[in-house]
Amino acid sequence: MKYFIVTYGCQMNVHESEKIAGILEKMGYECCQAREEADIIVFNTCAIREGAEDRVFGNVGNLKKQKRKNKDLIIVVCGCMTQKSQTAQKLLNTFPFVDIVIGTFNLPKLGLYIEAVKKGRQLEILEEGDIDETLPYKRTSGDNAWVNIMQGCNNFCTYCIVPYVRGREKSRKAENILKEIKETVETGKYKKITLLGQNVNSYGKDIEGGLSFAQLLKEICKIEGDFKVSFMTSHPKDLTDDVIDVIAGEDKIEKYIHLPAQSGNNRILKMMNRSYTREKYLEIIDKIRKKIPDCRITSDFIVGFPSETEEEFEDTMSLVEKVKYDSIFAFMYSPREGTVASKMEEQIDQDVKNKRVNKLLALEKKLQRESDKK
Ligand code: SAH
Ligand code: SF4
Ligand code: F3S
């Protein structure tokens, strides 16, 4: 019996697909290279922008023929998109051949749903879930090992669906993280450890008497072996001096920070609920440049947030010019149902968003050339 996993979205999802692979292999399934050969196909979905969801609907729809040929084929859709029960229901209604639809918190029970599928379609969306320390995983990213340090997000940026589909912040116990990294490094197969969380800088805030993110980094660096540590994502409001100091002082930590700014304009930042200003952001960049002169810095930006004017967009352009990022991601704002920003008046026309994103991407190309030269 063979499995095939299709992954959308962020590194968190890539790592979660490694857990899906772990669960399936434990059940006796083997990995295969083409979906046509598979007995079970899993779509691990993302809800961050509409485009991501459209692709899932398209690709799941394309399986109709394969299912007609092979009645025993099991099709699973899970992840952030199906965590929204309305979308889950729509998927079940649109595609009668989909067998299992579950959310982000149901993963530990995946094996049970697969066993039960003979009795009928499985649909379950749990509201919250604890971190399961017992899930097996199969690392699939070369010499890089993803290590989850926390799940969820408490920030509720007004445009973002993540807090609704991933729940509140929950940190893993430091001892479990350190044990996982130690065992991973000891295999000798992994030279890179990438710590994952929606907002890694608030690591530990939910554990009384636990380590802070800076302390966790220090402990990780004490682990013996030849490896480098990086992490994502940092939120500017929580990137404290002690974290910058640890990055500067520890050889094992990559000199790289992904620090999404989202906008260079204070009114838009406020409407986004980002809790920092352009000035505060630039202050942090200054500190990083002073303490870690060779640090690579990258960022995410959203253009066309509701009511964003041309001048306000130009503030984003000027911030990007000023910081001279090594690279940036630029996204057109995509309204997500249930978020605050999706209900705001003055949604921006698609062609304006297109123009702005192209302008920002042209700037990104220029920066990229300069960074490559460096
Ligand atoms: N936790 C990370 C981001 C996760 S989402 C952080 O806070 O930085 C990755 C990126 O997708 C975000 O940085 C943002 O730029 C973009 N994004 C999130 N919601 C979006 C939306 N509704 N429309 C367009 N881009 C969005
Ligand atoms: Fe979304 Fe903001 Fe949380 Fe990042 S910090 S996941 S953008 S709500
Ligand atoms: Fe997408 Fe979920 Fe990641 S919405 S970006 S897969 S946390």
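Cys157 has a relative accessibility of 8% and therefore counts as buried, since the term applies under 20% relative accessible area. Cys46 is likewise buried, with a relative accessible area of 10%. The model is predicted, and the values below are computed from it.

**Cysteines**
- Cys157 belongs to the surroundings of ligand 2, whereas Cys46 is among the residues around ligand 3.
- The count of disulfides in the model comes to 0.

**Ligand 2**
- The residues surrounding ligand 2 include the cysteines Cys153, Cys157 and Cys160, together with Asn155, Phe156, Tyr159, Val162 and Pro163.
- Gln198, His235 and Arg274 also belong to this shell.
- By residue class, the shell around ligand 2 consists of 7 nonpolar, 3 polar and 1 charged.

**Ligand 3**
- Around ligand 3 lie Cys10, Asn13, Cys46, Ala47, Ile48, Cys80, Arg166 and Gln198.
- This shell divides into 5 nonpolar, 2 polar and 1 charged.
- The largest pocket is also where ligand 3 sits.
- Gln198 is listed around ligand 3 and around ligand 2.

**Sheet**
- Six strands form an open sheet with parallel pairing, in the order β2-β1-β3-β4-β5-β6.
- Its edge strands are β2 (30-31) and β6 (122-124), each of which pairs on one side only.
- Strand β1 (residues 2-7) runs parallel to β2 and is joined to it by 2 bridges.
- Lys2 has Glu30 of β2 as its bridge partner.

Note on methods. Residues numbered from 1 in each chain as written. Chains lettered and ligands numbered in written order. Predicted model: local features only at pLDDT ≥ 70, side-chain atom pairs only at ≥ 80, totals over all residues. Heavy atoms only, no water. Near = heavy atom within 4 Å. 1 Å grid on protein atoms, 1.4 Å probe; cavity = no way out; pocket = protein on both sides within 12 Å on 5 of 7 lines; lining within 4 Å. Sits in = over half its atoms within 2 Å of the grid points. Nonpolar A, V, L, I, M, F, W, Y, C, P; charged D, E, K, R; others polar. Disulfide = S-S within 2.5 Å. Buried < 20%, exposed > 50% of the residue type's maximum accessible area, 1.4 Å probe, protein only. Pairing = 2+ DSSP bridges. Helix = DSSP H or I, 4+ residues; strand = E, 2+ residues; numbered from the N terminus.
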